[in-house]
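I opened my notebook to get to know a new structure. Come along and look things up with me.

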Amino acid sequence: MNKLRFRSGQVQLRKLRVDANSQVTPGDLLWLDGNVARPASEFAWDTDLATTQGSFASEFVGIAHQASGVGETLPVSVDVGTQSVYEMDVSPAAYEFGQPLGPDENLSTLMNKQLETCLATNAIARSAEFTAGTVATLRVTFASAFSTSSSNSQAAVG
């Protein structure tokens, strides 16, 4: 499903190659596998959700702004910025401002477009708003491991 819900802020688009065997849709959480971007659902599961989220955070690159079908090899635009705000699907709950978020899972597979609360060390995003009741969508900011201005604990230069 093509669902990119950019809401506000400064976008920092970068062009990244996509693996020819991957399908990417706008709004997908992407990670860098060597030289190519892949959607979260293609990240290898490791033991449990917390462990997998932590490993994913160290490779999380950003949010896809363009689609790439299986067999396509042209680069796609990816937002690696830390100031852009997106509305994302989340596990239904109440959220605090600044709450750490990581990719949600479905049957031991990370989801491409849904987040849930996690440990701060495993986070790729933070809630950009407080919600008084249970919600299924939330405004968030992301923290790429490949941005020097990121709050991602895995972000590094070099």
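Below are my entries, grouped by topic.

**Ground rules**

I am working with a predicted model, in which local features need pLDDT of at least 70 and side-chain atom pairs count only at pLDDT 80 or more, while totals for chains, interfaces and linings use all residues. Residues are numbered from 1 along each chain as its sequence is written, and side-chain values use heavy atoms, with hydrogens and water left out.

**Entry: the barrel**

I began with the strands, which, like the helices, are DSSP runs numbered from the N terminus (strands: E, at least two residues; helices: H or I, at least four). In what order do the five strands of the barrel come? I read it as β2-β4-β3-β5-β6, with mixed pairing. Neighbouring strands of this sheet are turned by 60° against each other on average, direction ignored; the axes here are lines fitted to C-alpha atoms, for helices over the stretch in contact, and angles run from 0 to 180 degrees between N-to-C directions.

**Entry: strand β6 and its neighbours**

I then followed β6, which covers residues 76–79. Two strands pair if DSSP finds at least two bridges between them. Strand β2 (residues 13–18) runs antiparallel to β6 over four bridges. I noted two of the contacts by name: L16 has V76 as its bridge partner, and L13 has D79. Strand β5 (residues 60–64) is also antiparallel to β6, here over two bridges, and I63 stands opposite D79.

Are the faces of β6 buried or exposed? I found V76 and V78 buried on one side, and S77 and D79 buried on the other. For burial I use relative accessible area: buried is under 20%, exposed is over 50%, and partly exposed is in between (1.4 Å probe, protein chains only).

**Entry: salt bridges**

How many salt bridges are there? I count six, each one being a side-chain nitrogen of Lys or Arg within 4 Å of a carboxyl oxygen of Asp or Glu.

Next came K113 and D28, with the closest N and O atoms 2.4 Å apart. K113 sits in strand β9 (residues 110–117) and D28 in the loop between β2 and β3, so the bridge joins parts that are 85 residues apart in sequence. Both K113 and D28 are buried.

R38 turned up again, this time bridging to D33 with the closest N and O atoms 2.7 Å apart. R38 has a relative accessible area of 17% and is buried, whereas D33, at 30%, is partly exposed. Through shared partners, D19, D33, R38 and E42 are joined into one network.

**Entry: aromatic rings**

My search of the whole structure gave six aromatic pairs. Rings of Phe, Tyr and Trp (its six-membered ring) pair if their centres lie within 6.5 Å; planes under 30 degrees apart count as stacked, over 60 as edge-to-face and the rest as tilted.

The rings of F56 and F60 have centres 5.9 Å apart and planes at 45°, so I filed this pair as tilted. Both F56 and F60 are buried. Y86 and F142 have ring centres 5.9 Å apart and planes at 65°, so that pair is edge-to-face. It links distant parts of the chain, with Y86 in strand β7 and F142 in strand β11 (residues 135–142), 56 residues apart. Y86 is buried at 1% relative accessible area, and F142 is buried at 5%. I also noted a cluster in which ring pairs link F6, W31, F43, F56, F60, Y86 and F142.

**Entry: two single residues**

S91 belongs to strand β7 (residues 85–93), and at 19% relative accessibility S91 counts as buried. Which residues does S91 touch, leaving out those up to four places away in sequence? I listed D104, Q114, L115, E116 and V135, a contact being heavy atoms within 4.5 Å.

T51 lies in helix α1 (residues 49–57) and is partly exposed, at 32% relative accessibility. The C-alpha atoms of T51 and N122 are 8.1 Å apart, although the two residues are separated by 71 residues along the chain.
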